[in-house]
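Thank you all for making time this morning.

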Amino acid sequence: MTNRLDRWADPPLLVLASLADEPKHGYAIIRDVSETMGVRLTAGTLYAVIARLEAVGLIEPLASADRRRPYQITAAGRAALAEQSARMGRVASLAQARLGERYGWAGA
Amino acid sequence: MSRPVHAGPGPLASLALMLYPPAWRERYADEVRALLEEAGSGPATAASLAVRAVPAWVNPPRHLHDRGARMRASVATVLVAWSALTGVGAVFVQLTQLQGFRAPGHPLVQWCYLIFDAALAVSVLTAAVGGVPLWLQMVRLARRERRRRELAWLWMAVVVPAGYMAAALTALTVVHDPEASGSWWFAGFAVLGFGAAGLASAGPAVALKRLAPGGPAVALAAAASGVAAATVALAGLASAIAAAGLCLWTTSFAGYHHAGLAWAYLLFVVTIAATATISGGRGVRATFAIPAR
């Protein structure tokens, strides 16, 4: 059975999280997301996400000397990421607390 | 840490990139190629790119949306498709209505004839209302800027149909009874007619791309092309149902004209009507869209 809980790995959120520390180009985003979050983004998914995030002003392209154009998160993107992270953090804290109370789960 | 180096995006991924809209390719294709040169690509990457091309067409990112270019592209596409469907419609009328083909006991075919005639008339009227002001604007623009080639492309919309009609009338004068001369005359007129319709519609379409006019005339033409596409699609649907009904219920029709030809006709009509409707719909959406930031 497919584990539908992997829906947390929302590609736009992963890309925003990847760009939160510094600007990155496409390949750097794929590597960062894979190494730090364990999710493999394909080129098609990544550029669909980049196009959408750029369209709504959550990321912006930077000037580049070569074809590997880097992107940086905007103020609106930081706000959106912070809001979504806080919401996910509340869900995570609640889930961990209840698992601990009921089943003695001490965390992964 | 050294990066893996790959030769290039690979033929499959390159093909997949060609599936994207021109504006998307212009903005992102080089970046994707650079990414694939580093990350490598295989059939899965190509499939991912190909699948993601569909939403890029259906719902293009707003910052890539060029309203004027979209409207002009829709007008050009619908014009060419409309000419082809109108030509197909003329052949359909000649082979069915004017030959008196009816399906005994099945009023559906007769209704389809009526819907076809009405829809085609509305589409011609709409195309004229939307197309003539834009054509006149482009003629003025081409004259003002002394663009002789574009002017020649524009006049093809008038000269080629007039030439075709003159040639057809001359031929009919010389050959008094073309029906007695066999079906070659009809096939010849039809093929020449499609050629003339293609040239007559391609001319303004090329001029539209090269001159890139703007303003209310383009918006009117884009809106009209959407209506013309919808009505001509309705006419195409009616003719398709009528042709299928004749094949099923009128044995003399199917026996005389071969069912394979009728199915090829249906496929042709459906393909062109779908192209016109989708492109016309996108043009109408661009016409009434709020401009991006």
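What you see is a predicted model, in which local features need a pLDDT of at least 70 and side-chain atom pairs count only at pLDDT 80 or more, while totals for chains, interfaces and linings use all residues. Residues are numbered from 1 along each chain as its sequence is written, and chains are lettered from A and ligands numbered from 1 in the order in which they are written.

The score pLDDT is the predictor's confidence in each residue, from 0 to 100, and for chain A it averages 88, with 91% of the residues at 70 or above. Within chain A, helix α4 (residues 75-103) has the lowest confidence, a mean of 92, whereas strand β2 (residues 71-73) has the highest, at 96.

Chain A has 4 helices and 2 strands, where helices (H or I, at least four residues) and strands (E, at least two) are DSSP runs numbered from the N terminus. Along the sequence, their order in chain A is α-α-α-β-β-α. A residue is called buried if 20 or more other C-beta atoms lie within 10 Å of its own, exposed if 12 or fewer, and partly exposed in between, with the C-beta atoms placed from the backbone; of the 108 residues of chain A, 29% count as buried.

Let us look at one helix of chain A in detail. Helix α3(A) has 13 residues and reaches 18 Å from its first C-alpha to its last, close to the 18 Å expected at 1.5 Å a residue, the expected span being 1.5 Å times one less than the number of residues. This helix is mostly covered, since 11 of its 13 residues are buried, among them Leu46(A), Tyr47(A) and Ile50(A). After α3(A) comes Gly57(A), whose phi is positive, near 80 degrees.

How many residues does each chain bring to the contact between A and B? Chain A gives 16 residues and chain B gives 19, two residues being in contact if their C-beta atoms, placed from the backbone, lie within 7 Å. On the side of chain A that touches chain B, the largest share, 9 residues, comes from α3(A).

Helix α8(B), residues 216-249, reaches 49 Å from its first C-alpha to its last, close to the 50 Å expected, and 24 of its 34 residues are buried.

Finally, consider Ala84(B), which lies in helix α4 (residues 67-95) of chain B. Why is Ala84(B) counted as buried? Ala84(B) counts as buried because it has 22 C-beta neighbours inside 10 Å. Leaving out residues up to four places away in sequence, Ala84(B) touches Ala197(B) and Ile272(B).
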